[in-house]
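Subject: Structure handover

Hello,

Here is the structure we talked about. Please open it alongside this email; my notes follow below.

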Amino acid sequence: MTGGEIVTTVVDRVVRDRAARWVGRAGVYLPSFAELGYPSTIPEARFAALRSVDPDRPDAANLFRVNWYNDWSRSGLAAEPCHLIFPPALTGVRSPIVMALGSFFPMIGAHKVLAAYGCLIPRLVTGRFDPAYQRAVWPSTGNYCRGGIAISRILDCRGVAVLPQGMSKERFDWLHAWVARPEDIVRTPGSESNVKEIYDRCAELARDPANVVLNQFAEFGNYVAHYACTGPALAHLFEALQQERPNLRLTGFVAASGSAGTLAAGDYLKERHGARIVVVEASECPTLLRNGFGEHNIQGIGDKHVPYIHNVMNTDVVVGVSDRSTGALDLLFNSDVGLGYLADRRHIDPELLARLKFVGLSGIANLVAAIKTAKRLELGAEDVLVTVATDSASLYGSERKKFLASQHPDGFDAVNAGEIFGQHLFGAADNDVLELTHGERTRIFNLGYYTWVEQQGVSLEAFERRRDQGFWRELRQAAPAWDALIKEFNAATGVEESR
Ligand SMILES: Cc1ncc(COP(=O)(O)O)c(C=O)c1O
């Protein structure tokens, strides 16, 4: 198994210096995690220079856009992260549901490029990855490996994407355009819920020392990046709302778990605002709910395992959402008929309707899970639920066509739209909602034993120490330590600070 360690000092200075020279030749200056968490601290000159850089090009300057504050045009810096607020007229619950939008991240239109940065950069600056000789291997269900390939391109190193062959066509189209060679896309059997097959392929690849597997499910850099960057960005959103309405409480943070990286923001929000942490999974594969298994199409939520970086003992609620809901709502939100229904019959704000396209399938799952949580916990108008849309609907046009053909072969009309609204939003039931007791948390934590200790070779001691919140508190100290090493690394590249 790769990952699972926290290394905050340079372990091989020769490799570190060679890496710095290599990256320096590519003209790369690395942003710190503090800068990505608080982009207003990035020198103005750098943002001014960024304006002329296409956010979807593998340009080193785009590393500074790997944060939540890209504006709606994706060229400048916004005062607060782009987000949607779902009102009671759409959700049927009184709690405001605030969703930060990941599609404004550069190059891949999803926030998983932050996770990729968080996994690779700590290795680079500690001398544990040599871009001149090694390949970065990115196991994923599709977005993380795209982020990894984007970061690899910028660092001018080889990147290899490992993902299930059944993922959306849009993901593969993107990968074909970005990988250095076609063999850098490795397809594993199955689809969304076949993470074990990805692990197996990575174990084979790892036998070659030229391959460095950046296992997002076990790399603490993924956790730390979200804790240090996503956490403060979401807190900022809530605090801005609270300025207008001082009675608001941040009652919950809702996030579907793939690698569980995003959930680290929940640890931040709980510490700062006492938010409950709600983890979302597909009802068709209820691993956390019931140690279950199964197939589903909420792309990006890997399952049938408990990620090593999931702070299970700090998680409060598990919510299952059916992929029938996400498929149907994706159609409602992305069809003229659906949007017409929401405008004419439900009188939803046209600006919100125009922006629903920024919510991908797992974002819809988060929305439905937030509604179910609000119902179960009987939340009121002052209880804010914060969540994210990892990516946008633009990655799922091919899936939408399939859904339409299978569910509405005779066409999709306003009555169908009303049925979807009634069944999956307004009438969403609070089934598959589990409030975690200590016993339930322990069950979920223990389930991880089979993946990590039995299959992936983690020591029992290392596995067990993650029960203790002291472990996670210490882990969070890695961000400033890595930032100091990023500073040293930048100095060694010879690239000027505000190129
Ligand atoms: C579309 C989508 N949603 C949700 C997730 C889950 O995010 P995380 O891996 O941070 O748990 C992913 C992860 O790849 C994803 O691609």
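Start with the ligand. By class, its shell has five nonpolar, 12 polar and two charged residues. On the classes: Ala, Val, Leu, Ile, Met, Phe, Trp, Tyr, Cys and Pro count as nonpolar, Asp, Glu, Lys and Arg as charged, and the others, Gly among them, as polar. In total, 19 residues surround the ligand. Closest are Asn143, Gly258, Ser259, Gly300 and Ser362.

Two notes before going on. This is a predicted model: local features need pLDDT of at least 70, side-chain atom pairs count only at pLDDT 80 or more, and totals for chains, interfaces and linings use all residues. Residues are numbered from 1 along each chain as its sequence is written.

Domains

The protein chain splits into domain 1 (13-78 + 107-220) and domain 2 (83-105 + 221-435). The bounds come from an automatic or database domain assignment. Between the C-alpha centres of the two domains there are 25 Å. Their contact takes 39 residues from domain 1 and 43 residues from domain 2. Two residues are in contact if their C-beta atoms, placed from the backbone, lie within 7 Å.

On the domain 1 side, the elements giving two or more residues are α2 (33-37), α5 (112-125), α6 (143-155), α7 (169-178) and α8 (195-206). Helices (H or I, at least four residues) and strands (E, at least two) are DSSP runs, numbered from the N terminus. α5 gives the most to this side, with eight residues. By class, the domain 1 side has 19 nonpolar, 12 polar and eight charged residues.

The ligand shell draws on both domains, with at least three residues from each. α5 and α6 each supply at least two residues of that shell.

Helix pairs

α6 and α7 pack at an angle of about 15°, with their axes 10 Å apart. Axes are lines fitted to C-alpha atoms, for helices over the stretch in contact, and angles run from 0 to 180 degrees between N-to-C directions. That makes α6 roughly parallel to α7. Angles under 35 degrees count as roughly parallel, over 145 as roughly antiparallel, 65 to 115 as roughly perpendicular and the rest as oblique. The crossing of α6 and α7 is left-handed. A crossing is left-handed if the near helix is turned anticlockwise from the far one by less than a right angle, and right-handed if clockwise. Arg146, Ile149, Ala150 and Arg153 in α6 meet Arg171, Trp174, Leu175 and Trp178 in α7. This contact has five nonpolar, no polar and three charged residues.

α9 (residues 220-244) and α10 (residues 264-273) have axes that come within 7 Å and cross at roughly 50°. That makes α9 oblique to α10. The crossing of α9 and α10 is right-handed. Among the contact residues are Tyr223, His226 and Tyr227 of α9 and Asp267, Tyr268 and Arg272 of α10. By class, the contact of α9 with α10 has 10 nonpolar, four polar and two charged residues.

For α12 (residues 323-333) and α16 (residues 397-407), the axes come within 10 Å and cross at roughly 105°. That makes α12 roughly perpendicular to α16. Gly327, Asp330 and Leu331 of α12 make the contact with Arg400, Phe403 and Leu404 of α16.

Best wishes

Notes. Near = placed C-beta within 6 Å.
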